[in-house]
Amino acid sequence: MDNTLSADGYDKAFLGVFNRVGQPTVFVYDYNKCVELLMINGNMSNEDAEEYMQFNVVGAWVGAGTPAFLKMCSIKEAIENMAEDND
């Protein structure tokens, strides 16, 4: 786990680690809790926190140890969202 990176300021949203064959272990955070923390600590609206989260946190690739952010949803919601992302 030498290259595993944490997401600064999001300790309260930490869920655990993600392991995948042939890939480095990465830390996993609750996406919605991260947005909530931005709203509370950054005094942001939900819309601003979502935008910040997408662009500055989820969108910040810093190498193979980049943390992952999990959005809890049903499999149906996941498939629908993935289809929208690919349009």
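So, Pro67 touches Leu5, Ser6, Ala7, Phe27 and Tyr29, where touching means heavy atoms within 4.5 Å, and residues up to four places away in sequence are not counted. You'll find Pro67 in the loop between α2 and β3. When I say helix or strand, I mean DSSP runs, with helices being H or I of at least four residues and strands being E of at least two, numbered from the N terminus. Is Pro67 buried or exposed? Pro67 is buried, because its relative accessibility is 13%; buried is under 20% relative accessible area, exposed is over 50%, and partly exposed is in between, using a 1.4 Å probe and protein chains only. Pro67 and Arg20 sit 47 residues apart along the chain, and their C-alpha atoms are separated by 13 Å.

Quick word on what we're looking at. This is a predicted model, where local features need pLDDT of at least 70, side-chain atom pairs count only at pLDDT 80 or more, and totals for chains, interfaces and linings use all residues. Residues are numbered from 1 along each chain as its sequence is written, and side-chain values use heavy atoms, with hydrogens and water left out.

Strands count as paired here if DSSP finds at least two bridges between them.

Let's go through the pairs. β1 and β2 (residues 26-30) run antiparallel, with 4 bridges joining them. Across that pair, Phe14 stands opposite Tyr29, and Val17 stands opposite Phe27. On to β2 and β3: these run parallel, joined by 3 bridges. There, Val28 stands opposite Ala68.

So how enclosed is β2? Largely enclosed by the rest of the structure, because 4 of its 5 residues are buried.

Lys33 and Glu36 both lie in α1, 3 residues apart, so to speak about one turn of the helix. Lys33 is partly exposed at 26% relative accessible area, and Glu36 is partly exposed at 36%.

Asn43 isn't a glycine, yet it has a positive phi of about 50°. Asn43 is in the loop between α1 and α2 (46-58), and it's exposed, at 71% relative accessible area.

Last stop, the surface. Leu15, Leu70 and Met72 form a nonpolar patch there, with about 310 Å² of accessible area together. Areas come from the Shrake-Rupley method with a 1.4 Å probe, and for residues only the protein chains shown count as cover. Patch residues have over 30% relative accessible area and no salt bridge; like charges are joined within 9 Å, and nonpolar side chains (Val, Leu, Ile, Met, Phe, Trp, Tyr) within 5 Å. Leu70 is in strand β3, and counts as partly exposed because its relative accessibility is 38%.

Definitions and conventions: Salt bridge = Lys/Arg side-chain N within 4 Å of Asp/Glu carboxyl O.
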